[in-house]
Amino acid sequence: MAQIKQLPPHEAQKIAAGEVVERPANLLKELVENSLDADATSVSIFIEQAGKQLIRVVDNGTGMSPEDARICFYQHATSKISTVDELTSITSFGFRGEALASISAVAKVTLITKQTDAKEGIKLLIDKNKIESEEPIGCNTGTDISVADLFYTVPARKKFLKKDETEWRQINQLFQAICFAHKNVHFKLHRDRRLVYNCPPTPTTKQRVAQLWDKTIFDHTIEIMGSNEAAHIQVDGIVTNHHYGRYDRNSIFLFVNNRWVKNYELSRSLIKGYMNVLQAGKFPAGVVFVTIDPQEVDINIHPRKEEVRLAHPMRVNKVISHAVKLGLENHLSSQIKKTVTISNQPEFDERITPLPSHAPFQSAPPLPSPYAKPINLNEQAILASLPSKISSEPAIQTEQKSVILETITTKQFPGTIIGQVHTTYILIDKQEGLYLVDQHAAHERILYEQFTQKLSEVATITLAFPQIIQKAELELDLLMPYLDILQSHGIAIERFGTDQLIIKATPVHCKRVNLSELISKMIGWITTDSHADQEAVKKGLNEHFHAQMACKAAIKAGDVLNHEQMKNLLDTLQKTDNRFTCPHGRPTGWMLSWYDIEKKFKRKQ
Ligand code: ADP
Ligand code: MG
């Protein structure tokens with residue numbers, strides 16, 4: 001008996017739909033690309049329930065005639081090509097005439113559209129690829145398309161939709177990518193009737209980044225640029241500097257010939273540009289555009305064109321890594337110039353050298369680290385590591401800026417503490433120069449390392465009056481799987497009812513810590529990292545946690561220290577791992593060499 005049956009077209013269409021519209025973000029991409037293909041300069045997006053309930057895109061593009069509106073939902077209905085031969089010269093995003101057909105097979109669609117010269121527009125309700133109703137309507141030129149009740153015809157597929165937060169993150173990421181690639185278009189994104197982003201056209205990527213990323217990230221961005229002229233490869237963009245690190249790669253946006261691509265190799269080459277300056281497991285954020293001869297790229301290897309294949313990937317990778325390296329190097333040089341200025345003598349900043357990695361207090365050998373490799377964020381070490389490998393590649397022609405720092409060799413010499421200056425820095429007289437140590441940064445590092453290594457020895461105090469902390473129920477639900485992190489840090493904390501936490505004991509060093517604020521921060525970190533697996537989130541939380549506690553519990557700039565306290569601090573710092581930077585990557589100390597001081601006084605040439 002025959003087993004094979006041919007599916008009726010409407011059933012086949014539902015299956016085909018899966019290829020194009022697997023999830024709300026894919027669907028949104030198709031709709032926005034249609035708007036861009038229609039030369040829209042303004043695109044407003046409305047999302048409800050992460051796109052499961054509604055995805056609506058309103059544009060001011062060319063619009064469609066009523067005749068076109070009626071057939072645009074048919075399979076292979078496209079205005080963009082009429083023969084397959086035209087494929088080679090296509091410049092539009094869509095051309096297969098598949099998106100609207102697929103979408104209307106799996107959701108309820110309302111289309112309102114009008115062309116410039118038309119007196120009125122047309123409104124169509126489409127359900128399961130059929131026009132349910134049609135009426136003329138007064139409306140603006142352009143197209144307004146609403147897709148409601150996604151996958152209501154295919155419950156099996158609906159089940160595979162992820163939770164709202166996950167789908168929303170995809171939408172958010174897609175929106176950002178589109179904004180980066182089309183800086184001349186005004187985009188707006190609304191979520192559940194609230195305007196989330198409003199991005200008028202901007203001339204530069206940096207300004208686009210400022211519209212989309214919050215200030216804490218934006219403040220850490222630098223511009224990068226590089227090229228391999230012989231191979232016609234150009235790279236430019238914005239990336240975060242070494243002080244910023246996140247726990248996922250989701251904020252790395254790469255574009256090849258202005259097309260957003262998810263290419264593992266390319267993002268790896270971007271990360272590689274940071275060499276050892278980012279902590280293990282941390283990733284930068286960045287928006288990087290690669291411009292390359294179109295003959296060198298194959299964009300048709302993925303049904304949604306999200307991947308590309310490069311004819312010579314190594315060449316492109318090198319230009320990206322090098323551009324990042326150079327950008328960081330220039331940034332660090334300028335930071336160093338800016339950071340160290342002494343009183344009103346602006347010229348002094350030129351030859352200040354950060355502490356060498358084997359300084360500053362040589363009296364005791366450093367303790368062996370329990371960690372495989374200490375994270376070295378020492379700025380000099382970064383600079384030393386930066387120009388080495390990649391700049392030796394001859395094909396890359398990027399302007400090299402000279403590094404103002406010089407390596408110094410420190411002799412063993414116990415330093416003499418001169419005193420505290422600006423109630424912030426400890427000044428030390430040493431044989432090779434004058435050392436400045438930031439008391440807060442130094443203490444922060446010491447505490448951070450202690451928290452990391454000696455968790456079990458935390459001394460706690462039982463509170464006379466338990467502290468009650470109120471938070472939203474949803475937030476507490478999010479926090480519950482991670483409550484043991486707080487507990488392992490000596491905070492005796494439990495959930496108390498639906499929306500409260502009760503704290504009965506805290507570690508001694510938590511006296512200055514606002515626990516309610518810390519817990520809010522923790523919820524924020526969990527939300528940001530919620531797509532990562534629980535172990536990765538835990539790891540990240542622990543690191544955040546130590547850094548926060550260390551920061552809050554450490555002595556501050558402005559705290560007066562006596563000689564004994566300064567000595568203690570320096571002695572302990574000397575025995576601490578990773579002592580050249582605080583947990584946020586700021587340097588703990590700097591050195592101004594006598595040679596340079598003498599040069600300034602014209603005692604030396
Ligand atoms: P494709 O984009 O591959 O041609 P689609 O199914 O996405 O296929 O769209 C079918 C056709 O509908 C397009 O070729 C275009 O003519 C028309 N269309 C879709 N969206 C818009 C829009 N926002 N503005 C103007 N025309 C549109
Ligand atoms: Mg299309």
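Asn258 counts as partly exposed because its relative accessibility is 36%, where buried means under 20% relative accessible area, exposed over 50%, and partly exposed in between (1.4 Å probe, protein chains only). In this predicted model, Asn258 lies in the loop between strand E11 (252–256) and E12. Its phi is positive, about 70 degrees, although Asn258 is not a glycine. Asp149 also has a positive phi without being glycine, with a value near 60 degrees; Asp149 is placed in the loop between strand E6 (142–148) and helix H5 (155–159). Helices (H or I, at least four residues) and strands (E, at least two) are DSSP runs numbered from the N terminus.

Residues are numbered from 1 along each chain as its sequence is written, chains are lettered from A and ligands numbered from 1 in the order in which they are written, and side-chain values use heavy atoms, with hydrogens and water left out. As the model is predicted, local features need pLDDT of at least 70 and side-chain atom pairs count only at pLDDT 80 or more, whereas totals for chains, interfaces and linings use all residues.

The protein chain contains 19 helices and 23 strands. Of its 605 residues, 49% count as buried. Among contacts (heavy atoms within 4.5 Å) between residues at least 6 apart in sequence, 70% join residues at least 24 apart.

Arg23 is located in the loop between helix H1 (9–20) and H2. With a relative accessible area of 16%, Arg23 is buried. When residues up to four places away in sequence are not counted, Arg23 touches Leu161, Lys162, Thr166, Glu167 and Gln170. The C-alpha atoms of Arg23 and Gly51 are 8.6 Å apart in space, while the two residues are 28 apart in sequence.

Across the whole structure, 6 aromatic pairs are found. Rings of Phe, Tyr and Trp (its six-membered ring) pair if their centres lie within 6.5 Å; planes under 30 degrees apart count as stacked, over 60 as edge-to-face and the rest as tilted. The pair of Phe175 and Phe187 is edge-to-face because the planes stand at 80 degrees, with ring centres 6.2 Å apart. This pair links distant parts of the chain, with Phe175 in helix H6 (residues 164–181) and Phe187 in strand E7 (residues 186–191), 12 residues apart. Phe175 and Phe187 are both buried. For Phe253 and Trp260, the ring centres are 6.2 Å apart and the planes lie at 35 degrees, so the pair is tilted. Phe253 and Trp260 are likewise both buried. Ring pairs also join Phe180, Trp213, Phe253 and Trp260 into a cluster.

Charged groups are found over aromatic rings as well, the criterion being NZ of Lys or CZ of Arg within 6 Å of the ring centre and within 35 degrees of the ring normal. The charged end of Arg56 sits over the ring of Phe46, 4.9 Å from its centre. Lys108 lies over the face of Tyr152, 4.6 Å from the ring centre.

Grid points are joined across faces, edges and corners, and a volume is the space filled by probe spheres set on the points. The search finds 4 cavities of 30 Å³ or more, and the largest cavity holds about 140 Å³ of space. Its lining comprises 13 residues, of which Lys29, Glu33, Phe93, His182 and Trp260 are the closest to the centre. Two or more lining residues come from each of helix H2 (24–37), H6 and strand E12 (259–261), and H6 gives the most, with 4 residues. By class, this lining has 7 nonpolar, 2 polar and 4 charged residues, with Ala, Val, Leu, Ile, Met, Phe, Trp, Tyr, Cys and Pro counted as nonpolar, Asp, Glu, Lys and Arg as charged, and the others, Gly among them, as polar.

The largest pocket contains about 1600 Å³ of space. Of the 47 residues lining this pocket, Ile217, Tyr244, Gly245, Arg246 and Thr528 are the closest to its centre. H6, helix H8 (215–218), helix H16 (515–528) and helix H17 (534–553) each supply at least two lining residues; the largest share, 8 residues, comes from H6. The lining of the largest pocket has 15 nonpolar, 20 polar and 12 charged residues.

Methods
1 Å grid on protein atoms, 1.4 Å probe; cavity = no way out; pocket = protein on both sides within 12 Å on 5 of 7 lines; lining within 4 Å.
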